[in-house]
Every structure is written in structure tokens, then in C-alpha cells.
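Hello,

Please find the structure below. Notes on what was computed from it follow.

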Amino acid sequence: MDQFLQFLVNGIMIGGIYGLVALGLVLVYKSSRVLNLAHGSFLMILAWLCWSFAEQLGLPIWLSILLVLVISVLAGLGVERFMLRPLIGQPILAVIIATLALGYLLEGVAIMAWGADTKGLPEFIPREAIWLGPVSIAQHYLWAFGIAILLFVLLYLFFRYTKMGLGMQIVSEDQQVARSLGIRVKNILAQSWAFALVIAAISGILYASLNSVNNGNALIGLTKALPVMLLGGLESLYGALVGGIIVGVFEIVVGGYMDPWVGGGFSNVAPLFLMLVILLIRPYGIFGWQRIERI
Amino acid sequence: MRPAGTYDTTYGQDMATVRTRAQWIMLAVFLALLLAFPYFGGIRWIGVFNLMGITLITVFGLHITTGLCGQINLGQAAFMAVGAYTSAVLTTKLGLPFLVALPCAGIMAGAVGLFFGAPSLRIKGFYLAMSTLAAQFIIIWAVTKLFGTAAMSVRYASIGGFLFDTDTKMYYLIITLTLIAGLAALNLTRTRAGRAFTAVRDNDLAAEVMGINLFYYKLLAFFIGCLYAGIAGSLWAHCWSFSIQPLQFTLRDSVWYLGMIIVGGVGSPLGAVLGTVSIRLLDKVFAPYISPILAAAFPFLRANVTYAAGAILFALVIIIFLIKQPRGLAHWWQLIKASYRLWPYGY
């Protein structure tokens with residue numbers, strides 16, 4: 001029982017991060033119906049940049065994080081302007097391949113610039129474990145989870161009460177209606193990309209501070225965030241959080257109990273099995289919109 | 001666009017793939033050059049051609065699943081792995097002849113493809129991409145669990161006592177199978193199934209209303225596409241005999257195969273050929289050529305410049321093609337053909 005509780009707590013903690021990563025995907029999908037398969041690569045390369053600023057240039061960690069956030073905004077605007085905007089109106093296959101290709105472009109850049117090393121970010125959150133009865137929580141996981149929740153709350157308020165957030169919601173509902181209300185759809189799309197990449201930067205730095213900075217971090221964008229996004233529903237912000245926690249718990253619990261049976265590494269593909277099951281049973285997820293198609 | 005004076009007078013002429021005497025001559029010269037290639041091409045080029053041939057078979061498969069039927073498949077490399085390992089186990093562990101192992105590899109990959117293609121009835125677009133993406137990771141995980149990450153040695157292919165133990169001998173086997181696969185892919189468009197695939201790609205709901213059995217044809221597209229992948233995988237296993245490992249069939253490769261049909265032109269068999277040849281040349285010939293120059297020019301670059309340069313070049317080519325010429329190289333070829341046929345009165 002203690003072991004199960006421990007798995008549960010670990011799952012919830014890691015699930016917060018997964019939810020945060022998936023949030024970046026949801027933001028873009030919601031406004032522009034583009035599944036950004038390069039999200040993981042952005043997350044990886046922004047974490048590398050943070051490491052470079054902090055370790056190679058010797059800047060203080062808060063300044064390097066700030067710099068990375070600025071760069072991520074610029075990158076988001078740039079990607080939207082030069083890659084996604086020309087692709088408007090093209091079939092889905094084009095968008096999927098374009099974002100995947102962008103991911104490999106970033107991976108190639110990362111290999112050229114940083115090699116295949118594994119590096120650690122300087123510690124900026126304490127790592128000692130806290131004991132809650134029989135269950136221990138590593139403090140940095142708790143911090144990361146707290147930051148994730150804080151971001152979710154901030155984004156919720158942003159979408160609920162600011163003009164820009166409301167504009168993004170309208171664009172996701174119907175671009176034609178948004179235009180007739182005098183909202184600049186192009187600007188909204190650019191802003192949502194910038195937002196998504198800021199979230200990629202934050203989640204990348206958090207994830208890297210939990211584990212390490214390496215090129216493999218890019219994979220969580222595909223193998224973890226996609227199941228989360230699908231489970232929560234492609235359009236739902238809080239779905240990303242709920243889905244993240246479910247996937248995190250599923251991964252840790254199933255991995256913890258199954259790995260002795262099927263050998264290590266099962267926890268890595270467990271979310272993908274979950275994804276296949278969701279696709280078969282309820283493709284629109286828990287909170288997603290069920291679309292009805294007509295000819 | 002046909003040149004003036006070329007008429008079809010019979011139905012057979014109208015349907016023919018090779019129409020005129022000039023085309024027959026060009027085809028014969030091309031085939032002769034292809035067969036004679038080992039006598040004037042270097043050994044390195046034979047290796048490149050073998051890789052191109054195997055890739056081409058896989059890409060033809062993907063052309064059928066994704067290009068013709070519109071079902072996005074992000075797991076083609078994993079289906080290749082299924083074929084490669086099936087063939088390896090059948091010939092090396094069980095001692096079956098290659099001619100049995102080759103179709104078995106194809107059918108096995110096709111069966112796995114059916115399993116992962118089954119969700120395609122309910123879902124499409126991004127959702128199907130996710131499902132096949134899951135297939136990619138799950139299959140490779142299963143292969144790693146079953147056979148380990150280490151390189152697995154495979155016996156040489158042999159047909160009736162003839163051992164394909166050199167690159168040159170493999171070259172002829174691969175070329176033959178590639179030609180057959182290409183011909184089949186070309187002719188598929190003219191069959192009932194091919195027309196059904198096109199209808200499903202253009203609008204699957206409308207196709208269903210017209211009386212096309214969606215489930216059957218979508219699964220058929222997956223089966224044929226993965227069958228091609230399995231055959232290519234089997235050839236891969238026997239071509240570089242002492243080194244098949246799960247690392248050779250990653251998501252990156254799946255994306256490359258999709259990229260090849262994009263660069264070539266989605267939905268055209270000629271496009272599959274053009275895309276494969278140009279991307280493989282870029283990756284295997286151009287990237288190794290420029291990477292020492294890059295490494296010398298920018299000494300701060302790290303190891304693996306060839307790999308990274310290949311990835312960057314490929315990604316840039318794909319993105320530029322998607323933005324500037326979504327219809328691919330095949331469309332350019334059509335434009336060139338039309339312009340020289342109409343010359344000098346190209347109105």
C-alpha cells in the first residue's frame with residue numbers, strides 16, 4: 001500500500017510536467033488546428049540554450065532563464081510567420097510533415113552545437129526529499145508541480161478575463177466569426193505560437209532540472225505529451241492537466257508493477273498503449289469537442 | 001499534354017503505360033544501363049543504389065497507403081523492422097529458404113499493419129498520425145524486447161543454391177524486386193482498388209456514400225503498404241547481413257520516407273522515385289561531401305556532423321518544398337515535359 005501511494009504521488013508530480021508540455025501543444029492546436037510535432041524539439045533546444053547561458057557564458061540562472069523566455073517568444077513568432085502561415089490551406093499531411101521536419105532540423109542543430117552529451121542544469125530549486133508519512137516527495141518535483149499548477153491557473157485567468165485570451169478563444173471557435181468581430185486572426189495565431197513556445201521553454205527547463213539536458217528530452221513531446229493531449233481532449237486546457245496527471249500516474253504505476261514482469265522500459269511505452277486505447281474508444285478525449293462530419 | 005500527331009486508335013493504346021516506340025527505346029536503354037551499372041559504377045555507388053532500391057520499395061508502399069489512399073502512416077520504418085526480423089528469424093534460426101522468408105516477411109509486416117491500421121476506420125488526420133506514431137514506438141520497443149539492441153547476424157540470401165553474398169549480386173536481386181514493386185504500384189492506380197483508394201483519399205464520407213467499403217479499402221491500403229515495407233525490410237536484413245538492429249528503423253526513418261513522397265509529389269509513382277533518389281543522394285552523397293568542409297570551416301561544431309548535416313539538409317528541403325512546391329518534383333517534370341512538347345508554340 002505504501003508502495004502504491006508512493007507511485008501515486010510520483011505519478012501526480014511527473015504528470016504535472018507532462019500536462020505543462022501538452023499545454024503548449026493544446027494552445028497551438030486550439031487556435032490554429034495545427035498539431036505541433038516539433039514541440040518536444042523546441043523544449044529540448046531551449047533547455048540546451050539555458051544550459052549554455054548558465055554554464056558556458058556563466059550568466060546567473062535567473063538571467064539565462066529570462067533570456068531563453070525572450071528567445072522563445074521570438075522563435076514562436078518566427079516559426080508562425082515563416083513556416084506555418086505559408087502552409088495555411090494545405091492538407092494535414094503537409095502540416096504534420098512540416099512540423100516533424102522542423103523537429104529534425106532543431107535536433108540536427110542541437111547535435112551540431114552540443115553533441116550527444118548529457119549535462120545538468122545548475123541547481124536552482126532544492127532537491128531534498130520531504131516525508132509525508134510513509135511517502136517521500138522529492139522537493140524539486142514538488143516545485144515543478146507547483147509551477148505547473150500556477151501556470152495553469154494564470155492561463156485560465158488569461159483566457160477568461162483578458163482581451164487577448166478571449167480573442168484566442170474566438171479564433172479557435174471560428175476564424176470567420178473572429179474576423180467579423182474585428183479580431184486580427186494572424187496576430188492571434190502568432191501570439192498563440194509565442195505563448196506555446198514560452199510554455200515549451202518553461203517546461204523544458206523544468207524537465208531538464210528534474211533529469212538532465214540532453215537530446216533525448218525531445219521525445220517527451222511525442223511519447224508523453226501526445227497521449228496526454230489526446231486523453232484530455234485536443235482543445236481543452238484543463239484537459240491537459242487532468243490528462244497529464246492520469247498519464248503520469250498510469251505510467252509510474254503500470255511501469256512500477258509491470259517492469260519486473262515484462263522487463264524494464266515498459267513504462268516508456270505505457271502511455272502509447274493508453275493512447276491507442278483512447279483512439280479506439282473515445283478519440284476526442286475527456287473534454288474535447290466531438291466533431292460531426294458532413295459531406 | 002501530348003505532342004501533336006500522337007493519336008490513340010485502340011483502347012489498348014489508350015491504356016498503355018509505354019505508348020510510343022521512342023518510349024520503348026528509352027525504357028530499354030534505361031534498363032540496359034541499370035543492368036550494366038555494376039560494370040562501370042564503383043563499389044560505393046552500388047551500395048548507394050542498393051540502399052536506394054530498398055528505400056524505393058518502402059516508399060512505394062507508403063505511396064499506396066498515404067499518397068493514394070490518404071491514410072497517414074508515421075510508422076513505415078517500424079513495419080520494415082517487422083519484415084527484417086521476420087526474415088532474419090526464418091532464414092537464420094529456422095533455416096527456411098529465402099524465397100519462403102521473403103513473402104512471409106511481407107505478410108507478417110502486412111498483418112501488423114492491419115492491426116495498427118484498424119483504428120483508421122474511426123479516426124483520420126492527426127488522430128491517425130498519432131496512432132501510427134504509437135505503432136512506430138511500440139513495434140520498435142517490442143523488437144528490442146525480443147531481440148535486444150545488439151546487431152543481429154543474418155544468413156545471406158540464396159535462391160536455388162545461388163548465394164547473394166556480395167553487394168553486386170544483391171544489386172541484381174534488389175533491382176529486380178524494385179522494378180516489380182514499381183510496376184505493381186503503377187498498375188494499382190488503374191484497378192478497382194486503386195480507384196477506390198483515390199476516392200477514399202479525396203473524401204472518405206463521399207466514397208462511402210458511393211458504395212465503397214471504407215473499412216475494407218482502408219485496411220487493404222494499410223496491408224499493401226506494409227507488405228511493401230516488409231519486403232523491403234527482408235531485403236535490408238539480407239543486404240547488410242551482419243548488422244540489423246532496432247536503431248536502423250527509427251521514427252526519423254519513417255519521417256524520411258514520408259518526406260520522400262512529399263518532395264517527389266504526393267500520389268504519383270514517378271514522384272516516389274524522384275523523391276527517393278534525390279533525398280538519398282542528398283543524404284548519402286552530398287551530406288558526407290560537405291560535412292568535412294563544414295567541420296573544417298566551423299571548428300566549434302561537435303561530432304556527428306554528417307548525421308546532423310543530413311538531418312538539417314533534409315528538413316530544409318522538405319519545408320521549402322512544402323511551402324514553395326507542394327506538388328513536388330513530379331509536377332516539375334510534368335511542366336518540363338509539357339514545355340518541350342509544345343515548343344516552340346507554348347501557348
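The lining of the largest pocket divides into 31 nonpolar, 13 polar and six charged residues (Ala, Val, Leu, Ile, Met, Phe, Trp, Tyr, Cys and Pro count as nonpolar, Asp, Glu, Lys and Arg as charged, and the others, Gly among them, as polar). This is a predicted model, where local features need pLDDT of at least 70 and side-chain atom pairs pLDDT 80 or more, while totals for chains, interfaces and linings use all residues. Residues are numbered from 1 along each chain as its sequence is written, chains are lettered from A and ligands numbered from 1 in the order in which they are written, and side-chain values use heavy atoms, without hydrogens and water.

A pocket here is an open set of points on a 1 Å grid over the protein atoms alone where a 1.4 Å probe fits, with protein on both sides within 12 Å along at least five of seven lines; lining residues have an atom within 4 Å of a point. Of the 50 lining residues, L27(B), F30(B), L186(B), L270(B) and V273(B) lie nearest the centre of the largest pocket. Helix 2 of chain B gives the most to this lining, with 10 residues (helices are DSSP runs of H or I, at least four residues, numbered from the N terminus).

As for the interface, 53 residues of chain A are in contact (heavy atoms within 4.5 Å) with 49 residues of chain B. The rule finds zero salt bridges between chain A and chain B (a side-chain nitrogen of Lys or Arg within 4 Å of a carboxyl oxygen of Asp or Glu). On the side of chain A that touches chain B, helix 4 of chain A supplies the largest share, 18 residues. That side divides into 41 nonpolar, seven polar and five charged residues.

Regards

Key:
Helices (H or I, at least four residues) and strands (E, at least two) are DSSP runs, numbered from the N terminus.
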